[in-house]
2 protein chains.
Amino acid sequence: MIFRQVYDHTSSTYTYIMASGHGREGLIIDPVKELADTYLTIIEQLDLKLVRAIDTHTHADHVTALGDLREQTGCQTYMGKYSKADCVSVYVDEDEIIDADGIKLRAIYTPGHTNESFSFLIEDGGPTMVFTGDVLLIRGSGRTDFQGGDPHKSYDSIVNKLFTLNDETLVYPAHDYKGWTASSIGEEKRFNTRLAGKSEAEYVDIMNKLNLPDPKLMDEAIPANLACGNIRQAS
Amino acid sequence: MIFRQVYDHTSSTYTYIMASGHGREGLIIDPVKELADTYLTIIEQLDLKLVRAIDTHTHADHVTALGDLREQTGCQTYMGKYSKADCVSVYVDEDEIIDADGIKLRAIYTPGHTNESFSFLIEDGGPTMVFTGDVLLIRGSGRTDFQGGDPHKSYDSIVNKLFTLNDETLVYPAHDYKGWTASSIGEEKRFNTRLAGKSEAEYVDIMNKLNLPDPKLMDEAIPANLACGNIRQAS
């Protein structure tokens, strides 16, 4: 299996490129508009054909490359069924499978950071991996104060869905700000500072008191992402 | 196998923590002094015991955590046999194996970036991986203009040693500045802009014309690293 994690220094976003082998169809998760050419270079040099581009949710801190990648490669674009983005080829529902030549992603509805966030699980062909977008971060979790965010739903998605996965499942989030590149479900259950040993009420209280400033790019990114990264169309 | 790559935002350094499983002995490659506590947290949370800390070479752009990690954990410290650092437990030679509870690193002498650089190869227990320090970077190579650097030796190390490894071998360097986290020998043979299709003379010419400024931390880092990161001792 080919697996490449790419880090965007500007937005601290992790993007994932995967395929079952060279010369095969590949997919990408949470691509950043400014790095579209970088991903296409990597995909070309790995001798892949991009067929699926997936956003876990409508990002508020960067603009998606979904539209650009679809335009340049003809790939299909995917988001969860509650997404309001208007240029998505396929809106996936709970337990649906996105298959790229043997790489199978199972969609898991994990609202809380936004009301339309999905996570994606790979169970076959190597270590089990889950791509959690912003709902579960490494030793943290995504804010819950806009775009239908809800700390109760975040707790439910993490504790009652993601934490029921095998402890060895590797966790690959859409962001990390400290340079950590991966975690596991077992680690997050035991060491996530917002969740380990906390009740739902305690978690909700923590999230409600974060008082974070709006993301710098929020006013630009959300409308642009609803148009799959086409900034002119969104303005 | 447990494998964690940690990124230092200040020096763009990648550090690697590995072990054959939870509850086992682990090792670390190219740790950065300022992140020593971060590594120890990760190691503790992964339920590992740190027994080996390895520097691929005497870094000029950051201070090593080898001394701090040895002091805090009692781990053994490793560098190649030509290192002049004074607090190394074991100086390894070509083809020697560093073993941490089943994770076996084979030392490969790869001078060029510095005259004492080694790479380390893992061949058992999963995908083949090589940790190349600064001699081979992703689509680049480490500068060759100080600390015994030599573009002829760099070319020889990369082309006649590293490029003889299997094309599928994953390449994990000590740095990347673009957010790429891994490569493979096959990719670097075909797409490394300094090496692909270039003769030794052309490579040497490219390296001799880089005209890079000295690393910001060079005057502090090299003497500190010769004392395994003990800055006061070095000053």
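Axes here are lines fitted to C-alpha atoms, for helices over the stretch in contact, and angles run from 0 to 180 degrees between N-to-C directions. The model is predicted.

In chain A, helix α3 covers residues 151-161 and helix α5 covers residues 200-208. Their axes come within 9 Å and cross at roughly 125°. That angle makes α3(A) oblique to α5(A). The crossing is right-handed.

Which residues of α3(A) and α5(A) make the contact? From α3(A) come P151(A), H152(A), S154(A), Y155(A) and I158(A). From α5(A) come E200(A), Y203(A), V204(A), M207(A) and N208(A). By class, six of these contact residues are nonpolar, three are polar and one is charged.

## The α3–α5 pair of chain B

Chain B has a helix α3 at residues 151-161 and a helix α5 at residues 200-208. The two pack at about 125°, with axes 9 Å apart. α3(B) and α5(B) are therefore oblique to each other. α3(B) passes α5(B) in a right-handed crossing.

On the α3(B) side, P151(B), H152(B), S154(B), Y155(B) and I158(B) take part. They meet E200(B), Y203(B), V204(B), M207(B) and N208(B) of α5(B). This contact of α3(B) with α5(B) counts six nonpolar, three polar and one charged residues.

## The α1–α2 pair of chain A

Helix α1 (residues 36-45) of chain A packs on helix α2 (residues 66-73) of chain A. The angle is about 45° and the axes lie 10 Å apart. α1(A) is thus oblique to α2(A). Their crossing is right-handed.

α1(A) brings A36(A), D37(A) and L40(A) to the contact. α2(A) brings D68(A), L69(A), Q72(A) and T73(A). Three of the contact residues are nonpolar, two are polar and two are charged.

## Where the chains meet

How many residues does each chain put into the contact? Chain B gives 25 residues and chain A gives 25 residues. Together the chains bury about 2100 Å². Of that area, 49% is on carbon and sulfur atoms.

Three residues of chain B stand out: R4(B), Q45(B) and W180(B). They supply 28% of the area that chain B buries against chain A, more than any other three residues.

The interface of chain B and chain A holds two salt bridges. R4(B) also forms a salt bridge with E187(A), side chain to side chain, at 2.8 Å from N to O.

Methods: Residues are numbered from 1 along each chain as its sequence is written. Chains are lettered from A and ligands numbered from 1 in the order in which they are written. This is a predicted model: local features need pLDDT of at least 70, side-chain atom pairs count only at pLDDT 80 or more; totals for chains, interfaces and linings use all residues. Side-chain values use heavy atoms; hydrogens and water are left out. Helices (H or I, at least four residues) and strands (E, at least two) are DSSP runs, numbered from the N terminus. Angles under 35 degrees count as roughly parallel, over 145 as roughly antiparallel, 65 to 115 as roughly perpendicular and the rest as oblique. A crossing is left-handed if the near helix is turned anticlockwise from the far one by less than a right angle, and right-handed if clockwise. Contact means heavy atoms within 4.5 Å. Ala, Val, Leu, Ile, Met, Phe, Trp, Tyr, Cys and Pro count as nonpolar, Asp, Glu, Lys and Arg as charged, and the others, Gly among them, as polar. Buried area is the accessible area (1.4 Å probe) that two parts lose on being put together, summed over both. A salt bridge is a side-chain nitrogen of Lys or Arg within 4 Å of a carboxyl oxygen of Asp or Glu.
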